[in-house]
Amino acid sequence: MMTKTAIVTGAAGNLGRAVVKKLVENNYKIIGTVQKKKTGNISPPNFEEAELDLLNEESCQKLVGEIIAKNKSIDVAVLTAGGFKMGDIAETKTNDVARQYQLNFETAYNIARPVFVQMLKQNSGRIFLVGSRAGLDVTQAEGVTSYAFSKSLLFRLAELMNAEAKKKNVVISVIVPSTIDTPENRESMPDADFSTWVSPSEIAGVIQYYASAEAAALREPMIKIYNTA
């Protein structure tokens, strides 16, 4: 089986770690971006940590260029990095909106753009953005104004990129999970029914499938992973 190359942003997070694990199990070489390098459980040549400021556009462009020079292609990009903030409209100031825009849109766009350009050149590739129900459906956005606004932009980005890639074997999908079952979410919502949530490993499995040869004919721009929530 030929080794494919993938970029995973937010590789130290709950979802990022699960995606790295799943892709490594399926013979991918992973470049995982982190804010600060640390020794991981997965050793080279399957996994490589890259310390990167995702808000620095030039640094993101440089890293993508280095990956292309070394590996000749980028097959998959899974952009899990992001942030969250509570607050309804009365509580949300423009600086809150700007910060969430940076954390959820700029961090994705700064990697997605150069990766997308490369995938168009090689006529193949899959990019996965991580949206949210609040960003997709305004009825789910109560109390998370700036977060929902920033996540909604990822859907528009996917639409624009897919329009440009219409005749190419390049697909940009937005993963839309319900509540993700993480230690942090369990701590903040101790009375919730955890059985209705989706685990990071389940989400990673869906991503791996949509990136696989078996799913090559699918051009699904939105992938809802809600479990029974």
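**Exercise 1. Work out how strand β5 pairs with its neighbours and where its side chains point.**

Begin with β6: strands β5 and β6 pair in the parallel sense over six bridges, where two strands count as paired if DSSP finds at least two bridges between them. Helices (H or I, at least four residues) and strands (E, at least two) are DSSP runs, numbered from the N terminus. The model is a predicted one, in which local features need pLDDT of at least 70 and side-chain atom pairs count only at pLDDT 80 or more, while totals for chains, interfaces and linings use all residues. Residues are numbered from 1 along each chain as its sequence is written, and side-chain values use heavy atoms, with hydrogens and water left out.

Then turn to β4 (residues 76-79), which pairs with β5 in the parallel sense over four bridges, and in which Val 76 has Arg 126 of β5 as its bridge partner. Between these two strands the chain passes through α3, and this β-α-β crossover is right-handed, a term that applies if, with the strands pointing away from the viewer, the path from the first strand over the helix to the second runs clockwise.

Finally, consider the side chains. In a regular strand they alternate between the two faces of the sheet. In β5, Gly 125, Ile 127 and Leu 129 point one way, whereas Arg 126, Phe 128 and Val 130 point the other way, and all are buried, that is, under 20% relative accessible area, with exposed meaning over 50% and partly exposed in between (1.4 Å probe, protein chains only). Because six of the six residues of β5 are buried, the strand is largely enclosed by the rest of the structure.

**Exercise 2. Describe helix α5 and what its buried residues pack against.**

First take the length: α5 (residues 145-164) has 20 residues and reaches 30 Å from its first C-alpha to its last, close to the 28 Å expected at 1.5 Å a residue; the expected span is 1.5 Å times one less than the number of residues. Then list the buried positions, which include Tyr 147, Lys 151, Leu 154, Phe 155 and Met 161. The buried residues of α5 pack against α3 (94-122), β5 (125-130), α4 (133-136), β6 (170-177) and β7 (222-225).

Notes
Contact = heavy atoms within 4.5 Å.
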